[in-house]
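Reader: I have not looked at this one before. Can you walk me through it?
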Amino acid sequence: MFCVAAAVVLLIAGCSSSTEEEEPDKTVALSIICESLMRELDYPEMADVSNRYEVYYSLSDSTVKECRLYVCSSGAYPDELAVFLLNDPTDHEKLKTVINARREYLLETWKSYKPDEIPKIENSKLLEYSGYYFYVISENEEKASEVLGRYFG
Amino acid sequence: MGKQLSAKGRQKRKQRITIWVLLIIIVAAVVVSATAILLKFGSDSGESGSVAQSPSSVPSSSLSSSAPQPAEFAAVPESDAVDIGYFDDAVFVGDSLTVGLGNYGILPAENIYADIGLNLDTILTKQCIQTTGGTVTVLDALKLKKPSKVYIMLGSNGIAWITPENLAEKYNAFLDKVNQELPDATIYVESILPVTAAKQAGDARYSNEAIVEYNELLFNLAKEKGVYYLDCHTAFKMADGTLNTEYAEQDGMHLKRTGYEVLLEFFKTHTVK
(Lines give C-alpha, C1' and ligand atoms only; values in the text may rest on other atoms or scores of the structure.)
Protein backbone atom coordinates (compact mmCIF):
# COMPACT_ATOMS: atom_id res chain seq x y z
CA MET A 1 0.00 0.00 0.00
CA PHE A 2 2.83 2.35 0.92
CA CYS A 3 4.64 1.57 -2.34
CA VAL A 4 1.50 2.34 -4.36
CA ALA A 5 1.03 5.60 -2.50
CA ALA A 6 4.66 6.54 -2.99
CA ALA A 7 4.44 5.82 -6.71
CA VAL A 8 1.33 7.98 -6.99
CA VAL A 9 3.00 10.84 -5.12
CA LEU A 10 5.99 10.60 -7.44
CA LEU A 11 3.75 10.69 -10.49
CA ILE A 12 1.90 13.77 -9.26
CA ALA A 13 4.95 15.55 -7.86
CA GLY A 14 6.69 15.15 -11.19
CA CYS A 15 3.83 16.59 -13.19
CA SER A 16 5.43 19.99 -13.78
CA SER A 17 8.37 18.47 -15.58
CA SER A 18 6.47 15.60 -17.19
CA THR A 19 6.36 15.19 -20.90
CA GLU A 20 3.01 15.00 -22.72
CA GLU A 21 3.36 11.24 -23.08
CA GLU A 22 3.09 10.92 -19.32
CA GLU A 23 -0.31 12.70 -19.09
CA PRO A 24 -2.43 9.52 -19.04
CA ASP A 25 -0.44 8.17 -16.09
CA LYS A 26 -1.05 11.36 -14.09
CA THR A 27 -4.77 11.17 -14.76
CA VAL A 28 -4.89 7.57 -13.60
CA ALA A 29 -2.97 8.52 -10.48
CA LEU A 30 -5.36 11.33 -9.62
CA SER A 31 -8.27 8.99 -10.24
CA ILE A 32 -6.80 6.55 -7.75
CA ILE A 33 -6.63 9.28 -5.10
CA CYS A 34 -10.22 10.35 -5.84
CA GLU A 35 -11.48 6.78 -5.69
CA SER A 36 -9.69 6.30 -2.40
CA LEU A 37 -11.26 9.47 -1.00
CA MET A 38 -14.74 8.51 -2.11
CA ARG A 39 -14.38 5.01 -0.69
CA GLU A 40 -12.94 6.06 2.66
CA LEU A 41 -15.29 9.01 3.13
CA ASP A 42 -18.21 6.71 2.31
CA TYR A 43 -19.55 8.68 -0.64
CA PRO A 44 -22.76 7.41 -2.31
CA GLU A 45 -22.50 6.11 -5.89
CA MET A 46 -20.80 8.91 -7.77
CA ALA A 47 -20.80 9.89 -11.45
CA ASP A 48 -17.59 11.02 -13.10
CA VAL A 49 -18.54 14.27 -14.84
CA SER A 50 -14.99 15.59 -15.22
CA ASN A 51 -15.49 16.28 -18.93
CA ARG A 52 -18.35 18.67 -18.06
CA TYR A 53 -16.77 20.57 -15.17
CA GLU A 54 -17.57 23.89 -16.91
CA VAL A 55 -21.28 23.14 -16.35
CA TYR A 56 -20.76 22.99 -12.59
CA TYR A 57 -17.92 25.48 -12.09
CA SER A 58 -17.53 28.71 -14.03
CA LEU A 59 -14.05 27.82 -15.24
CA SER A 60 -12.51 26.82 -18.52
CA ASP A 61 -9.44 25.08 -19.88
CA SER A 62 -7.68 28.44 -20.07
CA THR A 63 -7.53 28.39 -16.27
CA VAL A 64 -7.74 24.69 -15.48
CA LYS A 65 -4.94 22.36 -16.45
CA GLU A 66 -6.55 19.27 -15.03
CA CYS A 67 -9.86 18.52 -13.31
CA ARG A 68 -11.60 15.53 -11.81
CA LEU A 69 -15.22 16.04 -10.81
CA TYR A 70 -17.64 13.58 -9.26
CA VAL A 71 -21.29 14.24 -8.30
CA CYS A 72 -23.90 11.99 -6.74
CA SER A 73 -25.24 9.81 -9.57
CA SER A 74 -28.84 9.69 -8.40
CA GLY A 75 -29.06 13.36 -7.43
CA ALA A 76 -30.32 12.31 -4.02
CA TYR A 77 -27.43 13.86 -2.09
CA PRO A 78 -25.22 16.96 -2.50
CA ASP A 79 -22.00 14.95 -2.08
CA GLU A 80 -19.37 16.19 -4.48
CA LEU A 81 -15.63 15.83 -5.04
CA ALA A 82 -13.80 18.28 -7.27
CA VAL A 83 -10.06 18.44 -7.92
CA PHE A 84 -8.39 21.23 -9.85
CA LEU A 85 -4.84 21.80 -11.02
CA LEU A 86 -4.39 25.31 -12.40
CA ASN A 87 -2.40 26.38 -15.43
CA ASP A 88 -1.23 29.40 -13.48
CA PRO A 89 -0.87 28.78 -9.73
CA THR A 90 -1.45 32.48 -9.07
CA ASP A 91 -5.08 31.99 -10.19
CA HIS A 92 -5.88 30.33 -6.88
CA GLU A 93 -7.94 33.32 -5.68
CA LYS A 94 -10.06 33.09 -8.82
CA LEU A 95 -10.55 29.38 -8.14
CA LYS A 96 -11.59 30.08 -4.55
CA THR A 97 -14.13 32.64 -5.75
CA VAL A 98 -15.63 30.13 -8.21
CA ILE A 99 -15.75 27.39 -5.58
CA ASN A 100 -17.45 29.75 -3.18
CA ALA A 101 -20.03 30.58 -5.85
CA ARG A 102 -20.66 26.85 -6.34
CA ARG A 103 -21.09 26.44 -2.59
CA GLU A 104 -23.61 29.28 -2.45
CA TYR A 105 -25.52 27.82 -5.40
CA LEU A 106 -25.72 24.43 -3.69
CA LEU A 107 -26.81 25.98 -0.40
CA GLU A 108 -29.59 27.84 -2.18
CA THR A 109 -30.69 24.75 -4.12
CA TRP A 110 -30.69 22.30 -1.21
CA LYS A 111 -32.18 24.74 1.30
CA SER A 112 -35.65 24.26 -0.14
CA TYR A 113 -35.06 20.80 -1.61
CA LYS A 114 -33.59 18.78 1.28
CA PRO A 115 -32.68 21.06 4.20
CA ASP A 116 -31.26 18.19 6.25
CA GLU A 117 -28.43 17.89 3.70
CA ILE A 118 -27.36 21.51 4.25
CA PRO A 119 -24.72 20.75 6.96
CA LYS A 120 -22.72 18.74 4.41
CA ILE A 121 -22.46 21.81 2.19
CA GLU A 122 -21.83 24.20 5.06
CA ASN A 123 -18.99 22.00 6.32
CA SER A 124 -17.46 21.43 2.88
CA LYS A 125 -13.66 21.72 2.74
CA LEU A 126 -11.17 23.10 0.25
CA LEU A 127 -7.75 21.51 0.68
CA GLU A 128 -4.57 22.15 -1.27
CA TYR A 129 -1.78 19.63 -1.81
CA SER A 130 1.11 20.19 -4.22
CA GLY A 131 -0.92 22.61 -6.34
CA TYR A 132 -3.98 20.32 -6.43
CA TYR A 133 -7.13 21.84 -4.93
CA PHE A 134 -9.58 19.32 -3.49
CA TYR A 135 -13.11 20.53 -2.82
CA VAL A 136 -14.85 17.96 -0.63
CA ILE A 137 -18.58 17.84 0.12
CA SER A 138 -19.24 14.82 2.32
CA GLU A 139 -20.60 14.08 5.74
CA ASN A 140 -17.16 12.63 6.55
CA GLU A 141 -15.19 15.58 5.19
CA GLU A 142 -12.96 15.63 8.29
CA LYS A 143 -11.35 12.40 7.08
CA ALA A 144 -10.24 13.99 3.81
CA SER A 145 -7.02 15.48 5.25
CA GLU A 146 -6.05 12.11 6.67
CA VAL A 147 -6.57 10.32 3.34
CA LEU A 148 -4.82 13.00 1.29
CA GLY A 149 -2.01 13.20 3.83
CA ARG A 150 -1.19 9.58 3.10
CA TYR A 151 -0.73 10.35 -0.59
CA PHE A 152 0.97 13.70 -0.38
CA GLY A 153 2.95 13.25 2.85
CA MET B 1 -125.08 -6.03 -73.63
CA GLY B 2 -126.13 -4.44 -70.32
CA LYS B 3 -124.76 -7.48 -68.51
CA GLN B 4 -121.54 -7.22 -70.54
CA LEU B 5 -121.19 -3.49 -69.58
CA SER B 6 -121.86 -4.32 -65.98
CA ALA B 7 -119.18 -7.03 -66.01
CA LYS B 8 -116.69 -4.63 -67.67
CA GLY B 9 -117.58 -1.93 -65.09
CA ARG B 10 -116.89 -4.35 -62.22
CA GLN B 11 -113.58 -5.32 -63.81
CA LYS B 12 -112.57 -1.65 -64.18
CA ARG B 13 -113.55 -0.89 -60.57
CA LYS B 14 -111.50 -3.92 -59.45
CA GLN B 15 -108.51 -2.58 -61.38
CA ARG B 16 -108.87 0.91 -59.82
CA ILE B 17 -109.03 -0.58 -56.33
CA THR B 18 -105.89 -2.63 -57.03
CA ILE B 19 -104.06 0.48 -58.28
CA TRP B 20 -105.10 2.47 -55.16
CA VAL B 21 -103.98 -0.35 -52.87
CA LEU B 22 -100.61 -0.50 -54.66
CA LEU B 23 -100.28 3.30 -54.44
CA ILE B 24 -101.07 3.22 -50.71
CA ILE B 25 -98.46 0.46 -50.16
CA ILE B 26 -95.85 2.43 -52.10
CA VAL B 27 -96.58 5.66 -50.21
CA ALA B 28 -96.50 3.79 -46.90
CA ALA B 29 -93.14 2.23 -47.82
CA VAL B 30 -91.72 5.63 -48.75
CA VAL B 31 -92.98 7.17 -45.49
CA VAL B 32 -91.50 4.33 -43.38
CA SER B 33 -88.12 4.56 -45.18
CA ALA B 34 -88.00 8.34 -44.84
CA THR B 35 -88.83 8.10 -41.14
CA ALA B 36 -86.10 5.51 -40.61
CA ILE B 37 -83.53 7.69 -42.41
CA LEU B 38 -84.55 10.75 -40.42
CA LEU B 39 -84.34 8.82 -37.15
CA LYS B 40 -80.86 7.52 -38.04
CA PHE B 41 -79.65 10.99 -39.01
CA GLY B 42 -80.99 12.43 -35.79
CA SER B 43 -79.23 9.83 -33.69
CA ASP B 44 -75.90 10.36 -35.52
CA SER B 45 -75.99 14.12 -35.09
CA GLY B 46 -76.70 13.61 -31.40
CA GLU B 47 -73.51 11.53 -30.98
CA SER B 48 -71.30 13.97 -32.81
CA GLY B 49 -72.69 16.70 -30.62
CA SER B 50 -71.48 14.94 -27.50
CA VAL B 51 -68.02 14.38 -29.00
CA ALA B 52 -67.80 17.99 -30.06
CA GLN B 53 -67.99 19.10 -26.43
CA SER B 54 -64.84 17.36 -25.49
CA PRO B 55 -62.42 18.93 -28.01
CA SER B 56 -64.09 22.32 -27.60
CA SER B 57 -62.48 22.57 -24.17
CA VAL B 58 -59.06 22.11 -25.76
CA PRO B 59 -57.75 25.25 -27.44
CA SER B 60 -56.75 24.11 -30.92
CA SER B 61 -53.68 26.32 -30.74
CA SER B 62 -52.42 24.29 -27.80
CA LEU B 63 -52.52 20.99 -29.65
CA SER B 64 -49.29 19.88 -31.24
CA SER B 65 -49.55 18.49 -34.75
CA SER B 66 -48.90 14.95 -33.51
CA ALA B 67 -51.32 15.30 -30.64
CA PRO B 68 -53.39 12.35 -29.44
CA GLN B 69 -57.15 12.68 -29.92
CA PRO B 70 -58.97 13.48 -26.66
CA ALA B 71 -61.89 11.15 -27.39
CA GLU B 72 -59.60 8.12 -27.46
CA PHE B 73 -57.09 9.38 -24.91
CA ALA B 74 -55.13 6.86 -22.86
CA ALA B 75 -51.61 6.46 -21.50
CA VAL B 76 -49.14 5.57 -24.24
CA PRO B 77 -49.49 1.78 -24.64
CA GLU B 78 -46.63 -0.69 -24.79
CA SER B 79 -45.11 -1.02 -28.23
CA ASP B 80 -42.12 -2.67 -29.89
CA ALA B 81 -38.89 -1.36 -28.40
CA VAL B 82 -37.32 1.44 -30.41
CA ASP B 83 -33.60 1.75 -30.99
CA ILE B 84 -31.70 4.05 -28.63
CA GLY B 85 -31.29 6.41 -31.61
CA TYR B 86 -34.97 7.33 -31.17
CA PHE B 87 -33.84 9.60 -28.33
CA ASP B 88 -31.16 11.43 -30.33
CA ASP B 89 -33.57 14.30 -31.00
CA ALA B 90 -35.24 14.12 -27.59
CA VAL B 91 -34.73 16.30 -24.54
CA PHE B 92 -35.53 15.15 -21.02
CA VAL B 93 -36.77 17.90 -18.73
CA GLY B 94 -37.02 17.50 -14.99
CA ASP B 95 -35.52 17.51 -11.52
CA SER B 96 -32.91 15.31 -9.86
CA LEU B 97 -34.71 12.17 -11.03
CA THR B 98 -34.01 13.23 -14.59
CA VAL B 99 -30.48 14.43 -13.72
CA GLY B 100 -29.74 10.79 -12.87
CA LEU B 101 -30.45 9.71 -16.46
CA GLY B 102 -27.38 11.67 -17.52
CA ASN B 103 -25.22 11.01 -14.46
CA TYR B 104 -25.57 7.25 -14.82
CA GLY B 105 -24.83 7.52 -18.54
CA ILE B 106 -28.25 6.07 -19.41
CA LEU B 107 -28.78 8.86 -21.96
CA PRO B 108 -26.37 11.51 -23.25
CA ALA B 109 -25.92 14.36 -20.76
CA GLU B 110 -26.44 16.94 -23.53
CA ASN B 111 -30.03 15.68 -23.91
CA ILE B 112 -30.81 16.22 -20.23
CA TYR B 113 -32.32 19.60 -19.30
CA ALA B 114 -32.70 19.04 -15.60
CA ASP B 115 -31.44 20.34 -12.29
CA ILE B 116 -31.40 19.24 -8.68
CA GLY B 117 -34.42 20.62 -6.84
CA LEU B 118 -36.04 22.03 -9.99
CA ASN B 119 -39.79 22.19 -9.47
CA LEU B 120 -42.95 23.70 -10.87
CA ASP B 121 -42.34 26.91 -8.94
CA THR B 122 -38.94 27.41 -10.56
CA ILE B 123 -39.18 25.69 -13.95
CA LEU B 124 -39.87 28.92 -15.82
CA THR B 125 -37.42 31.12 -13.95
CA LYS B 126 -34.39 29.15 -12.75
CA GLN B 127 -31.37 29.61 -15.00
CA CYS B 128 -29.81 26.19 -14.72
CA ILE B 129 -29.14 24.85 -18.22
CA GLN B 130 -25.70 25.42 -19.66
CA THR B 131 -25.73 26.36 -23.33
CA THR B 132 -23.25 27.95 -25.69
CA GLY B 133 -25.04 31.22 -24.97
CA GLY B 134 -24.62 30.90 -21.21
CA THR B 135 -26.76 29.49 -18.43
CA VAL B 136 -30.45 29.82 -19.27
CA THR B 137 -33.88 28.53 -18.24
CA VAL B 138 -35.17 25.17 -19.46
CA LEU B 139 -37.58 26.93 -21.83
CA ASP B 140 -34.86 29.10 -23.35
CA ALA B 141 -32.65 26.05 -23.77
CA LEU B 142 -35.53 24.24 -25.54
CA LYS B 143 -35.99 27.23 -27.84
CA LEU B 144 -32.33 27.03 -28.83
CA LYS B 145 -32.17 23.27 -29.33
CA LYS B 146 -35.63 22.75 -30.87
CA PRO B 147 -35.88 19.02 -30.12
CA SER B 148 -38.47 16.85 -31.88
CA LYS B 149 -39.43 15.11 -28.65
CA VAL B 150 -39.72 16.49 -25.14
CA TYR B 151 -40.04 14.22 -22.11
CA ILE B 152 -41.15 16.01 -18.95
CA MET B 153 -40.94 14.59 -15.44
CA LEU B 154 -41.91 17.21 -12.89
CA GLY B 155 -43.94 17.17 -9.72
CA SER B 156 -41.98 14.87 -7.40
CA ASN B 157 -40.40 17.82 -5.64
CA GLY B 158 -43.71 19.61 -5.34
CA ILE B 159 -45.96 17.02 -3.76
CA ALA B 160 -44.67 18.01 -0.33
CA TRP B 161 -45.98 21.56 -0.58
CA ILE B 162 -47.86 22.23 -3.85
CA THR B 163 -51.62 21.65 -3.79
CA PRO B 164 -53.03 19.56 -6.64
CA GLU B 165 -54.78 22.61 -8.10
CA ASN B 166 -51.59 24.62 -7.95
CA LEU B 167 -49.62 21.81 -9.53
CA ALA B 168 -52.10 21.55 -12.40
CA GLU B 169 -52.05 25.31 -12.92
CA LYS B 170 -48.26 25.55 -13.01
CA TYR B 171 -47.83 22.44 -15.14
CA ASN B 172 -50.48 23.82 -17.47
CA ALA B 173 -48.57 27.10 -17.83
CA PHE B 174 -45.32 25.28 -18.58
CA LEU B 175 -46.94 22.99 -21.15
CA ASP B 176 -48.52 26.00 -22.86
CA LYS B 177 -45.10 27.62 -23.21
CA VAL B 178 -43.48 24.43 -24.51
CA ASN B 179 -46.34 23.90 -26.98
CA GLN B 180 -46.06 27.50 -28.08
CA GLU B 181 -42.31 27.32 -28.66
CA LEU B 182 -42.25 23.79 -30.11
CA PRO B 183 -45.62 23.31 -31.87
CA ASP B 184 -44.38 20.33 -33.88
CA ALA B 185 -42.67 18.48 -31.05
CA THR B 186 -44.01 15.26 -29.57
CA ILE B 187 -44.44 15.95 -25.88
CA TYR B 188 -44.56 13.23 -23.27
CA VAL B 189 -45.71 13.98 -19.72
CA GLU B 190 -44.27 11.37 -17.35
CA SER B 191 -46.18 10.32 -14.26
CA ILE B 192 -44.70 10.90 -10.81
CA LEU B 193 -42.93 7.79 -9.49
CA PRO B 194 -43.99 6.17 -6.22
CA VAL B 195 -41.88 6.36 -3.04
CA THR B 196 -40.81 3.43 -0.89
CA ALA B 197 -42.84 2.26 2.08
CA ALA B 198 -40.07 3.53 4.38
CA LYS B 199 -40.14 7.01 2.82
CA GLN B 200 -43.90 7.13 3.12
CA ALA B 201 -43.78 6.03 6.76
CA GLY B 202 -41.00 8.48 7.64
CA ASP B 203 -42.35 11.57 5.90
CA ALA B 204 -46.09 12.11 5.91
CA ARG B 205 -45.81 14.66 3.09
CA TYR B 206 -44.93 11.86 0.67
CA SER B 207 -47.88 9.50 0.43
CA ASN B 208 -48.36 7.11 -2.44
CA GLU B 209 -52.10 7.74 -2.32
CA ALA B 210 -51.45 11.43 -2.94
CA ILE B 211 -49.03 10.58 -5.76
CA VAL B 212 -51.76 8.55 -7.48
CA GLU B 213 -54.10 11.55 -7.22
CA TYR B 214 -51.44 13.88 -8.64
CA ASN B 215 -50.94 11.44 -11.49
CA GLU B 216 -54.66 11.49 -12.28
CA LEU B 217 -54.35 15.25 -12.55
CA LEU B 218 -51.38 14.90 -14.89
CA PHE B 219 -53.32 12.39 -17.01
CA ASN B 220 -56.23 14.82 -17.37
CA LEU B 221 -53.85 17.68 -18.06
CA ALA B 222 -52.10 15.71 -20.81
CA LYS B 223 -55.50 14.88 -22.30
CA GLU B 224 -56.59 18.50 -22.19
CA LYS B 225 -53.34 19.78 -23.68
CA GLY B 226 -53.18 17.15 -26.39
CA VAL B 227 -49.84 15.71 -25.29
CA TYR B 228 -48.89 12.13 -24.47
CA TYR B 229 -49.04 10.62 -21.00
CA LEU B 230 -46.46 8.04 -19.91
CA ASP B 231 -47.50 5.89 -16.98
CA CYS B 232 -43.97 5.20 -15.69
CA HIS B 233 -45.43 4.95 -12.18
CA THR B 234 -46.87 1.52 -12.89
CA ALA B 235 -43.49 0.13 -13.97
CA PHE B 236 -41.98 0.98 -10.57
CA LYS B 237 -44.67 0.17 -8.06
CA MET B 238 -45.11 -3.05 -6.16
CA ALA B 239 -48.48 -4.64 -5.39
CA ASP B 240 -49.01 -2.34 -2.39
CA GLY B 241 -48.37 0.76 -4.52
CA THR B 242 -44.93 1.57 -3.06
CA LEU B 243 -41.67 2.03 -4.96
CA ASN B 244 -39.83 -1.25 -5.48
CA THR B 245 -36.80 -1.06 -3.17
CA GLU B 246 -34.75 -2.93 -5.77
CA TYR B 247 -34.72 0.28 -7.80
CA ALA B 248 -34.64 2.85 -4.99
CA GLU B 249 -31.86 4.93 -3.49
CA GLN B 250 -31.59 4.97 0.29
CA ASP B 251 -33.72 8.11 0.48
CA GLY B 252 -36.68 6.10 -0.84
CA MET B 253 -37.41 8.52 -3.64
CA HIS B 254 -34.53 8.58 -6.10
CA LEU B 255 -33.42 5.77 -8.36
CA LYS B 256 -30.33 3.60 -8.46
CA ARG B 257 -28.78 2.49 -11.72
CA THR B 258 -31.12 -0.53 -11.89
CA GLY B 259 -34.07 1.87 -11.66
CA TYR B 260 -32.78 3.96 -14.54
CA GLU B 261 -32.30 0.84 -16.64
CA VAL B 262 -35.98 0.02 -16.06
CA LEU B 263 -36.94 3.61 -16.90
CA LEU B 264 -35.01 3.55 -20.18
CA GLU B 265 -36.60 0.24 -21.12
CA PHE B 266 -39.99 1.76 -20.36
CA PHE B 267 -39.23 4.76 -22.58
CA LYS B 268 -38.08 2.46 -25.39
CA THR B 269 -41.24 0.36 -25.25
CA HIS B 270 -43.73 3.22 -24.90
CA THR B 271 -43.40 5.49 -27.89
CA VAL B 272 -45.69 6.96 -30.50
CA LYS B 273 -44.97 7.04 -34.21
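Author: One term to begin with: pLDDT is the predictor's confidence in each residue, from 0 to 100. You need it here because this is a predicted model.

Reader: OK. Where in chain A does pLDDT stay under 50?
Author: Over residues 1-27 of chain A. For that stretch the model has 22 contacts beyond four places in sequence.

Reader: And what is the mean pLDDT of chain A?
Author: The mean is 86, and 82% of the residues of chain A reach 70 or more.

Reader: Now the sheet in chain A. What order do the strands come in?
Author: The order is β1-β2-β3-β5-β4 in chain A, five strands in an open sheet with antiparallel pairing. At the edges are β1 (46-48) and β4 (125-129) of chain A, each of which pairs on one side only. From one strand to the next, the twist averages 15°.

Reader: Which helix packs on that sheet?
Author: Helix α6 of chain A, residues 144-152. This helix touches β4 and β5 (132-137) of chain A, and its direction makes about 10° with that of β4(A).

Reader: Back to β1(A). How many bridges does it make with β2?
Author: Three bridges join β1(A) to β2 of chain A, residues 64-72, in the antiparallel sense. Within that part of the sheet, D48(A) stands opposite Y70(A) of β2(A).

Reader: Switching to chain B. How many helices and strands?
Author: Chain B has eight helices and seven strands. It has 273 residues, and 46% of them count as buried.

Reader: What about β5 there, why is it called largely enclosed?
Author: Strand β5 of chain B covers residues 149-153, and five of the five are buried, so the strand is largely enclosed by the rest of the structure. Both of its faces are covered. K149(B), Y151(B) and M153(B) lie on one side, with V150(B) and I152(B) on the other.

Reader: Which strands does β5(B) pair with?
Author: One is β1 of chain B, residues 90-94, which runs parallel to β5(B) and is joined to it by five bridges. There, G94(B) stands opposite M153(B). Another is β6 of chain B, residues 186-190, also parallel, over four bridges. Y151(B) has Y188(B) as its bridge partner in β6(B).

Reader: How does the chain cross from β5(B) to β6(B)?
Author: Through helix α4 of chain B, residues 164-181, in a right-handed β-α-β crossover.

Technical notes. Residues are numbered from 1 along each chain as its sequence is written. Chains are lettered from A and ligands numbered from 1 in the order in which they are written. This is a predicted model: local features need pLDDT of at least 70, side-chain atom pairs count only at pLDDT 80 or more; totals for chains, interfaces and linings use all residues. Side-chain values use heavy atoms; hydrogens and water are left out. Two strands pair if DSSP finds at least two bridges between them. Helices (H or I, at least four residues) and strands (E, at least two) are DSSP runs, numbered from the N terminus. Axes are lines fitted to C-alpha atoms, for helices over the stretch in contact, and angles run from 0 to 180 degrees between N-to-C directions. Contact means heavy atoms within 4.5 Å. Buried means under 20% relative accessible area, exposed over 50%, partly exposed in between (1.4 Å probe, protein chains only). A crossover is right-handed if, with the strands pointing away from the viewer, the path from the first strand over the helix to the second runs clockwise.
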